[in-house]
Amino acid sequence: TWASPYLVDGHIYMGNEKGEILVFKTGKKKELVNTIKMRGKVRATPIAVNGVMYVVTENPCRLWAITKN
C-alpha cells in the first residue's frame with residue numbers, strides 16, 4: 001500500500017496496488033468486513049465527505065464517488 005489508512009464511522013479503509021479497498025472493522029481483533037474492487041491501483045488515501053467516499057485510481061486515472069445503496 002502507498003496511502004495512509006483512513007478511519008471513518010468505525011471502519012478503516014486501505015487501498016492497495018491490486019485495485020482493492022480493504023474495509024476493516026475497528027477493534028482489537030483484525031476483522032475484514034468488505035473488499036471493494038476498483039478498476040485501477042489505489043495509491044491515494046480515500047476521503048469521505050457528506051456520506052460519499054472519494055477514491056482516486058491509477059491506470060486508469062479516475063476519481064470515484066462511492067455511496068451506500
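A residue counts as exposed when its relative accessible area is over 50%, as buried when that value is under 20%, and as partly exposed in between. The structure described here is a predicted model. By the definition above, N59 counts as exposed, because its relative accessibility is 56%.

**Backbone features**

- N59 is placed in the loop between β6 and β7, and P60 lies in the loop between β6 and β7 as well.
- The peptide bond that runs from N59 to P60 is cis, with an omega near 10°.
- N59 has a phi near 60°, which is a positive value in a residue other than glycine.
- A positive phi is also found at N50, where the angle is near 50° and the residue is again not glycine.
- N50 belongs to the loop between β5 and β6, and with a relative accessible area of 78% it is exposed.

**Salt bridges**

- The model contains three salt bridges.
- R43 and E17 form one of them through their side chains, at 2.7 Å from N to O. This pair links distant parts of the chain, 26 residues apart: R43 is in the loop between β4 (31-37) and β5 (47-49), and E17 is in the loop between β2 (11-15) and β3 (20-25).
- R43 is partly exposed, with a relative accessible area of 29%, and E17 is partly exposed too, at 37%.
- The side chains of E58 and R43 also meet in a salt bridge, with an N to O distance of 3.3 Å. E58 lies in the loop between β6 (52-57) and β7 (62-66), and R43 in the loop between β4 and β5, so this contact ties together parts that are 15 residues apart in sequence.
- E58 counts as partly exposed because its relative accessibility is 29%, a value between the two cut-offs.
- Through these contacts, E17, R43 and E58 are linked in a network of salt bridges.
- K37 and E20 form a salt bridge at 3.2 Å, N to O. The two residues are 17 apart in the chain and link distant parts of it, with K37 in strand β4 and E20 in strand β3.

**Position of H11**

- H11 is found in strand β2 and counts as partly exposed, at 26% relative accessibility.
- Between H11 and K37 there are 26 residues of separation in sequence, and their C-alpha atoms are 17 Å apart in space.

**The largest pocket**

- Empty space in a structure can be found by rolling a probe the size of a water molecule over the atoms.
- The largest pocket holds about 430 Å³ of space.
- Its lining consists of 15 residues, and those nearest the centre are Y13, M53, I66, T67 and K68.
- The elements β2, β4 and β6 each give two or more residues to the lining of the largest pocket.
- Strand β4 provides the largest share of this lining, with three residues.
- Sorted by class, the lining of the largest pocket has nine nonpolar residues, four polar residues and two charged residues.

**A nonpolar surface patch**

- On the surface, I47, V49, Y54, V56 and L63 form a nonpolar patch. Together these residues have about 430 Å² of accessible area.
- β5 and β6 are the elements that give two or more residues to the nonpolar patch.
- L63, one of the residues of the patch, is placed in strand β7.
- L63 counts as exposed because its relative accessibility of 61% is over the 50% cut-off.

Key. Residues are numbered from 1 along each chain as its sequence is written. This is a predicted model: local features need pLDDT of at least 70, side-chain atom pairs count only at pLDDT 80 or more; totals for chains, interfaces and linings use all residues. Side-chain values use heavy atoms; hydrogens and water are left out. A salt bridge is a side-chain nitrogen of Lys or Arg within 4 Å of a carboxyl oxygen of Asp or Glu. Helices (H or I, at least four residues) and strands (E, at least two) are DSSP runs, numbered from the N terminus. Buried means under 20% relative accessible area, exposed over 50%, partly exposed in between (1.4 Å probe, protein chains only). On a 1 Å grid over the protein atoms alone, a cavity is a set of points where a 1.4 Å probe fits but cannot get out, and a pocket is an open set with protein on both sides within 12 Å along at least five of seven lines; lining residues have an atom within 4 Å of a point. Grid points are joined across faces, edges and corners, and a volume is the space filled by probe spheres set on the points. Ala, Val, Leu, Ile, Met, Phe, Trp, Tyr, Cys and Pro count as nonpolar, Asp, Glu, Lys and Arg as charged, and the others, Gly among them, as polar. Patches are made of residues with over 30% relative accessible area and no salt bridge: like charges are joined within 9 Å, nonpolar side chains (Val, Leu, Ile, Met, Phe, Trp, Tyr) within 5 Å. Accessible areas come from the Shrake-Rupley method with a 1.4 Å probe; for residues, only the protein chains shown count as cover.
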